[in-house]
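I opened my notebook to look at charges and contacts in this model. Here is what I looked up, entry by entry.

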Amino acid sequence: MLMSRLEIMIENLVNENPELNEEQFRGHLGGLGLNAGMAEELGDSLWDLYQIIRERKKEAKALKEEETVRPKVLAIVGSFRKGGNTDLIIDRVLSGAASKDARTEKIYVDDLRLGSCQGCYECKPEGVCKQQDDVLKIRNKIEEADGVIVGSPIYGNYMTGQLKMLLDRLMGVLNKRVFVPGEKKFTSVTRLAQKRRNIFIVLVAGAPNEDCGDDALKLLRRMTGSFANGGFVEELVATGITAYGAVAMDEDQLAGVAKAAGVPNPEEAAGRARSRNLDILEKAHRIGIKIVEENENYPTERQDRLDSDGYF
Ligand SMILES: Cc1cc2nc3c(=O)[nH]c(=O)nc-3n(C[C@H](O)[C@H](O)[C@H](O)COP(=O)(O)O)c2cc1C
């Protein structure tokens, strides 16, 4: 009891005089109501306590400053394969962002506690889903972020099922649909805080043609665009990449994969693939940098209206 009172008094002393040296500190002990005997007996412990509280407060202040100053970049990985191609490309984006001092976080959709959308529309009035799982956590992380990366392999000419399930759950949570009387039509409005977020969409396909990503891009552009608020939306469709981790393989490894698949002239094919993959990884890193660099001067213009016929 006496100690907790003393702790409060020492904390107040830190607040008022955070830079005391030991001698000055001891000079303040009388002012805390300690008689000479107690000041003598407790002096060393209280000086330790003063220094501990002072350090704790400095750390808390530094953390708070860091949180407000350093941009936050969030990556959502829609592939089950940790260390797979989508994951490896996203790592490059994040390393680019981190090289510009961003705080980065990567989330695998498969690690989330996530139910499928039940189409109940209970999220319609307030944007709150009745299912109490990780959707709220993801919504809040997107809201806090200055940059958002969403990645998926192409599965059946679309994104993975798990990413689509997450997007379904987020539709009414991120956006609301309002009627604009002047225009006599509905429009979607973001429910998130109005701040600029730069977006990077990453798709990876086994097929050689980039248009295999078109259908997935349609929904991903629409949903990420709704919370970009004037931030850019960039895309990368990495094609011709199938094997686990192939995007980061060296030429020998790629030649081995090509040989096993019966590709004619495997060395030549491996050389081409390696050079294409290096371009992909370089672009990913560059966009990671851009996500942070282009966030330093937020435009003030609000961009909360999407085109009509939004989902909600
Ligand atoms: C179930 C399944 C469906 C796939 N469908 C397609 C497809 O429609 N088009 C395509 O180009 N690649 C398709 N692929 C290949 C993946 O897109 C490719 O292997 C990709 O590199 C995987 O990325 P990851 O390593 O990040 O998981 C499919 C793969 C699986 C497992």
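Entry 1, a charged patch. I was working with a predicted model, and I began at the surface, where Glu210, Asp211, Asp214 and Asp215 gather in a patch of negative charge. I placed Asp214 in helix H7, which covers residues 214-225. I read a relative accessibility of 41% for Asp214, so I noted it as partly exposed.

I found Ala207 in the loop between strand S6 (198-204) and H7. Ala207 is partly exposed, at 30% relative accessible area. I also checked Ala207 against Asn17: they are 190 residues apart along the chain, and 66 Å lie between their C-alpha atoms.

I noted domain 1 as 2-66 and domain 2 as 71-308. Their centres, taken over C-alpha atoms, are 49 Å apart.

My search of the whole structure gave 23 salt bridges. I looked up Asp101 and Arg70, whose closest N and O atoms are 3.4 Å apart in a salt bridge. Asp101 sits in the loop between helix H4 (85-99) and strand S2 (103-108), and Arg70 in the loop between helix H3 (36-69) and strand S1 (72-77), so the pair ties together parts 31 residues apart in sequence.

I then turned to Lys290 and Glu234, which form a salt bridge at 2.4 Å, N to O. This pair links helix H9 (residues 266-293) with strand S7 (residues 233-238), and the two residues are 56 apart in the chain. Lys290 is partly exposed at 24% relative accessibility.

Last, I wrote down a network of salt bridges that links Glu22, Arg26 and Asp44.

Key
Residues numbered from 1 in each chain as written. Predicted model: local features only at pLDDT ≥ 70, side-chain atom pairs only at ≥ 80, totals over all residues. Heavy atoms only, no water. Patch = residues over 30% accessible without salt bridge, like charges linked within 9 Å, V, L, I, M, F, W, Y side chains within 5 Å. Areas by Shrake-Rupley, 256 points an atom, 1.4 Å probe, with all protein chains shown as cover. Salt bridge = Lys/Arg side-chain N within 4 Å of Asp/Glu carboxyl O. Lys, Arg positive; Asp, Glu negative; His and termini not counted. Charge placed at Lys NZ, Arg CZ, Asp CG, Glu CD. Helix = DSSP H or I, 4+ residues; strand = E, 2+ residues; numbered from the N terminus. Buried < 20%, exposed > 50% of the residue type's maximum accessible area, 1.4 Å probe, protein only. Domains from an automatic or database assignment.
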